[in-house]
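Take a walk through this model with the structure open beside you. Start with the overall fold, then go inside, then look at the charged pairs.

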Amino acid sequence: MSKALQHWNGISWKTSEFYRKYTMGKAIIVCGGPSLAKIDTTKLLGPGKTVIGMNTTYPLVRPDIWFGMDNPRCYDRNLLLEPFPKIYRGNYWKKEVQGHLLRDVPNSHFMSIYKQKEEDYWKCFNEDCDSFCWQTNSFMAVIAFTLSMGFKDIYLVGCDLSNAESDYFDGRKLIEEERASNSRLHTQLYAWLRRIQPKVNSKGVTLHSMTERSKINKFLPYTSLEDLNIEIEEEMLLENAPWYNSMTLQKMSESGVKDEDIK
């Protein structure tokens, strides 16, 4: 993607190449709703899945990619030491955390976001996208980021969109003003997800709920984590294929055996 995602290499800014037209496997976006506490998070990881953790879901979930648009001081400081890609809001590169500029932290990438009309949201499907549409919350941004990576099946874990029972998976408590603000955001995101579903489907992408009892299950197909893992295991290519010594393969090739005939 053009300038939508960049990183600092110590000398200059470089484009971060996350864009793909199509990506194999499933994407799992891990949200911080209270239901996440009921998930065996070790079962999130494994072949066939790319786990994208949002906000404070780290360190409970150690994802393949981490995503957060809030001030970096809102998150666990050990993120700075993690080798996986970390996606921050663009203008936060100059923030100093633990004595380091955020741009200097290894594998930190910065998303260019601007307040735009909702119809501009779909620029994320284009390779030449120069910025993401900003709707003032991380959830919409992480969906756009995941769409830009070319995943055709995206699963939402911990996406309760409700604080009726508790505020977060980790037992944190909000003051009433914060709780009311979150509740309004949940209502906004529910309506937005319902509104974008046909557009996403028209692009060959399916959003799935993997959040039991969430109200998004009214319009998104629900799949349990256990069922998803069974599905992926059944799709695994040549799971029990033998490992070959390179010399053995060379001899097979010299004897006329074609690559496509070797399991």
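What follows moves from the whole chain to its cores and then to its salt bridges.

This is a predicted model, so local features need pLDDT of at least 70, side-chain atom pairs count only at pLDDT 80 or more, and totals for chains, interfaces and linings use all residues. Residues are numbered from 1 along each chain as its sequence is written, and side-chain values use heavy atoms, with hydrogens and water left out.

Begin with the whole chain. It holds four helices and 13 strands. Helices (H or I, at least four residues) and strands (E, at least two) are DSSP runs, numbered from the N terminus. The C-alpha trace spans about 75 × 50 × 35 Å along its principal axes. For 263 residues, a compact globule would have a radius of gyration near 18 Å; the chain has 20 Å, which agrees. That radius is taken over C-alpha atoms, and the globule rule is 2.2 Å times the number of residues to the power 0.38.

How much of the chain is buried? Of the 263 residues, 47% count as buried. Buried means under 20% relative accessible area, exposed over 50%, and partly exposed in between (1.4 Å probe, protein chains only).

Now go inside. A nonpolar core is a set of buried Ala, Val, Leu, Ile, Met, Phe, Trp, Tyr and Cys residues joined through side-chain atoms within 4.5 Å. The largest one has 47 residues. Met111, Phe139, Ile143, Phe145, Leu156 and Leu193 have the most contacts inside it. Elements that each supply at least two residues include β3 (26–30), β12 (153–157) and α2 (176–202). The largest share, eight residues, comes from α1. Leu156 shows the packing well. Leaving out residues up to four places away in sequence, Leu156 touches residues including Ile29, Phe139, Ile143, Leu193 and Leu220. A second, separate core has 13 residues, among them Ile28, Val157, Met210 and Ile232.

Turn to the charged pairs. The whole structure has ten salt bridges, each a side-chain nitrogen of Lys or Arg within 4 Å of a carboxyl oxygen of Asp or Glu. One joins Glu231 and Lys26, at 3.3 Å from N to O. Glu231 lies in helix α3 and Lys26 in strand β3, so this pair ties together parts 205 residues apart in sequence. Lys26 is buried at 8% relative accessibility, whereas Glu231 is partly exposed at 28%. Asp153 is linked with Lys26 and Glu231 in a network of salt bridges.

Glu118 and Arg195 form another bridge, with the closest N and O atoms 2.8 Å apart. Glu118 sits in the loop between β10 (113–115) and β11, and Arg195 in helix α2, 77 residues away. Glu118 is partly exposed at 29%, and so is Arg195 at 47%.

Where does a bridge stay within one helix? Glu176 and Arg179 are three residues apart in helix α2, about one helical turn. Their closest N and O atoms are 2.6 Å apart. Glu176 is exposed, at 58%.

End at Ser224, in the loop between β13 (206–209) and α3 (225–235). Ser224 is buried, at 14%. Its side chain reaches the backbone nitrogen of Asp227 at 3.0 Å.

Definitions and conventions: Contact means heavy atoms within 4.5 Å. A polar contact is a pair of N or O atoms within 3.5 Å; within protein, one must be able to donate a hydrogen and the other to accept it, and residues adjacent in sequence count only if both atoms are side-chain atoms.
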